[in-house]
Amino acid sequence: MKRSKRKKGYVAFKLDLEKAFDNVNWEFLKLCLHDFGFPDITVKLIMHCVSSANYSLLWNGNKMPPFKPTHGLRQGDPLSPYLFILCMEKLSVAIHDAVLKGEWDLIHITNDGPRISHLLFADDVLLFAKAKSSQLQYITTLFDSFSRASGLKINISKSRAYYSSGTPNGKINSLTAISGIQSTTSFGKYLGFPMLQGRPRRSDFNFMVEKMQNRLASWKNRLLNRTGRLTLATSVLSSIPSYYMQINWLPQNICDSIDQTVRNFIWKGSNNKGIHLVNWKTVTTPKSIGGLGVRSARDANVCLLGKLVWDMVQSTNKLWVNLLANKYSSGPAMLEDSVKSSISPSWFSIIRAKDILKPGYTWRAGAGTSSFWFSNWSSHGYLGSLVPIIDIHDIHLTVKEVFTSVGQHTDALYTNLPQGIADMINNSNMRFNANIVDALIWNHNKNGVYTTKSGYSWLCSLSESSGNGTSWSWIWHLKVPEKYKLLIWLACHNAAPTLSLLHHRNMTPTAICSRCGEEDESFLHCVRDCKHSAAIWHRMGFISDAFFSTNCVQHWIKNQSSGPRSTTFLTGLWWSWRHRNMMCISNETWPLTRISYRINDSVNIIETCFKRNNIIPPDRMVKWNQNNNNCSILNVDGSCLGTPIRAGFGGIIRNNGGAYLAGFSGFIPDSTDVLLAELTALRQGLLMAVSMGIEELACYSDSLLSINLITGRVSSLHVYAVIIQDIKDLLYVHNFSVHHCLREGNQCADYLAKLGASSNEECLFHATPPHELLDLIRFDAIGTLFPRQ
């Protein structure tokens, strides 16, 4: 509307309903319930709940006599919003009838795009019409009649009208006189979102930072240690901007301000004193790879906007998607769109997020009916744009026709391809299924569907710090208070505020330990090697040379954090650090007896809090063919092992007495996904049973996820939708069934899967069992019971 130059013009009304919930007419509500088909008994029950309320006033602390209301819905009642929506739906129906009769002229963004008359969300009302006096007179009449019936009145002073830029000022003045609603050049906010005009500016989003600062002000007088501040920053403070990040690409300086607010709160608290011990990039990485899991504002903004990108890519049937699709583009083609100067703020935000998330999308084969030349199935993009000319014989080729051709795949082409692309095609294999549609999917979620969580995980995986391969999860799995874990995390990052670190940052004149004056105060010296700390460890019984010889902080703590005395060690570490702080900061020294008492007392408290349930469940015995199926038995399994990791699969077919019939094993090139290995084993085993002429078969797998995918409903966008459908087709055609079993009853298949992962055969059939498998086959055949581990 802002750019529309049509002289007839458009108008949008943002209406404010005066005390909406309080003014609902009960007779109108009852009529709405009847009109929408509610049974009489339900209507009576609802109206009783609405009309049976009593109110009392407190006057100078005294309760006045109760009185009964005659209209309105109680705010806070969980039923009230639904009843109010039903009343507003009556308005929506009236507008729709007016549109059908031609009395309400719709507006449209593009000639072929959807027509819009109104948008309703509870009591937030937006109306759209042509800027004509006849239209405004009809709208005014319609709302007058709705107000008389429902009791809902428009607050004229708070309502505003926005006219398109092509509407003459004289016409705006005359239309304002008809409606009584003042015109404006900006609606401000709708549903809490700023309604932007032009590119987003910092001033449009300053309220977000102010909202975070106001939340911080309520925590000023509370005593929070760093662990408490970290918890609040992660769960509360970082989530405040999330609502506004969903549809807006925030300016970078706003993202920086949000990060700075969170960062300062974690390290400095409310008194604004302290130092930033670890860089922000490390803090915002996931805990499993060395960070604290705090969300970066920009990454959070991108992954939330990713939901809009996903809807546009999938051309979801939503009004806003249809509007933008007709105005700009949708489907896979929108991934090739770029930022232009004359686009809306919403589309600008979507495109900016798309540019970052685009590498996370991939084409997944289904039926293979996509055009070989003009669909984005290849990592090289549209192949039609990479060749000067396409031979007329190849114009209508599909992906399946090329990849199912005999010989090398490129032999099916008359068109010459660049050598690199030709090699890629000849070295690639695809599986197709006529019941699955080719699709562009999000490759970092097995369901193929984009989620905010998977998008953020993918963005985190791109960071350089996630490439060291070291797992930090052991810290967060320790059975100790969170403040202990945070100290260990800081120590492992060489970021504990020792004199060595402070001197390195030019904050102290010397790094020499102020307690013993013998060595630089590193973390190990501070909590272990200094004579004051060593005395604590000796008192607690840690006297071995190995305990004091390790020079790597992370290895020392990790090695001592397992075993029967792990809690004592971790508590001693904490109190050794605390005693150092008391000596250096408060000039207070405790005797060893007092420190050891505190350590032992803390150990008892921690072990009580983290005490595990010592009830030992009864032994569960497992055997092969647990269900006692009286038919041929197929056991399959997948495995990932080796360096580098390889995915392997295997399976074995036996009769119901346990006699060996056939087996197979193999590995999957360029894959480390155990789910793919499990599904491949299932498919290969069923195909082998078909080739052997087996008429009835029970298939066992110890992968419950695979069994659920086969027996339940699966997203058509699933990464492995084709192989899952292949298995379902085999089960449908033949008298085969699939069952879940425990791994103790699947040991033969497990052996073959590991054999496949360690071999170089993509699929090897075993007419006779490998020698090492004979004992396992015999144990299964005689019904040996294995205890469930």
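The exercises below work through a predicted model of one protein chain.

**Exercise 1. The chain as a whole**

Task: State how many helices and strands the protein chain has, and what its C-alpha trace spans along the principal axes.

Solution. 
- Step 1. Count the elements. The protein chain holds 30 helices and 21 strands.
- Step 2. Take the extent. The C-alpha trace spans about 90 × 85 × 65 Å along its principal axes.
- Step 3. The protein chain has 789 residues, and 48% of them count as buried.

**Exercise 2. An annotated domain**

Task: Find the residues that UniProt lists for "domain: RNase H type-1", and describe that stretch.

Solution. 
- Step 1. Go to the record. The unreviewed UniProt entry lists residues 628-758 under this name.
- Step 2. Read the secondary structure. Residues 628-758 are 38% helix and 31% strand.
- Step 3. Compare the ends. The end C-alpha atoms of this stretch are 32 Å apart.
- Step 4. Pick one residue by number. Asparagine 656 sits in the loop between strand E16 (646-654) and strand E17 (660-668).
- Step 5. Classify asparagine 656. Its relative accessible area is 38%, so it is partly exposed.
- Step 6. Relate asparagine 656 to lysine 14. The two are 642 residues apart along the chain, and their C-alpha atoms are separated by 73 Å.

**Exercise 3. The largest cavity**

Task: Determine the volume of the largest cavity, its lining, and the helix that gives the largest share.

Solution. 
- Step 1. Count. There are two cavities of 30 Å³ or more.
- Step 2. Size the largest cavity. Its volume is about 80 Å³.
- Step 3. Read the lining. Ser238, Pro241, Ser242, Met245, Ile258, Asp259, Val262, Trp280, Arg295, Ser296, Ala297 and Ala300 line the largest cavity.
- Step 4. Helix H8 (242-245), helix H9 (252-268) and helix H11 (297-313) each give two or more residues.
- Step 5. H9 provides the largest share, three residues.

**Exercise 4. Salt bridges**

Solution. 
- Step 1. The whole structure has 18 salt bridges.
- Step 2. Buried means under 20% relative accessible area, exposed means over 50%, and partly exposed lies in between.
- Step 3. Start with aspartate 35 and lysine 90.
- Step 4. Classify them. Aspartate 35 has 43% relative accessibility and is therefore partly exposed. Lysine 90, at 24%, is also partly exposed.
- Step 5. Turn to lysine 340 and aspartate 337. Lysine 340 is partly exposed at 43%, whereas aspartate 337 is buried at 15%.
- Step 6. Finish with aspartate 355 and lysine 354. Aspartate 355 is partly exposed at 40%, but lysine 354 is buried at 2%.
- Step 7. Look for shared partners. Arg743, Glu744 and Arg788 are joined into one network by such salt bridges.

**Exercise 5. Positive phi outside glycine**

Task: Examine lysine 19 and aspartate 670, and report the phi angle, the loop and the exposure of each.

Solution. 
- Step 1. Read the angles. Lysine 19 has a positive phi of about 45 degrees, though it is not a glycine. Aspartate 670, not a glycine either, has a positive phi of about 60 degrees.
- Step 2. The loop between strand E1 (10-18) and H1 holds lysine 19.
- Step 3. Classify both. Lysine 19 is exposed, with a relative accessible area of 60%. Aspartate 670 is exposed, with 84%.

Methods. Residues are numbered from 1 along each chain as its sequence is written. This is a predicted model: local features need pLDDT of at least 70, side-chain atom pairs count only at pLDDT 80 or more; totals for chains, interfaces and linings use all residues. Side-chain values use heavy atoms; hydrogens and water are left out. UniProt positions are given in the numbering used here, feature names are shortened, and annotations may be inferred rather than shown by experiment. Helices (H or I, at least four residues) and strands (E, at least two) are DSSP runs, numbered from the N terminus. On a 1 Å grid over the protein atoms alone, a cavity is a set of points where a 1.4 Å probe fits but cannot get out, and a pocket is an open set with protein on both sides within 12 Å along at least five of seven lines; lining residues have an atom within 4 Å of a point. Grid points are joined across faces, edges and corners, and a volume is the space filled by probe spheres set on the points. A salt bridge is a side-chain nitrogen of Lys or Arg within 4 Å of a carboxyl oxygen of Asp or Glu. Buried means under 20% relative accessible area, exposed over 50%, partly exposed in between (1.4 Å probe, protein chains only).
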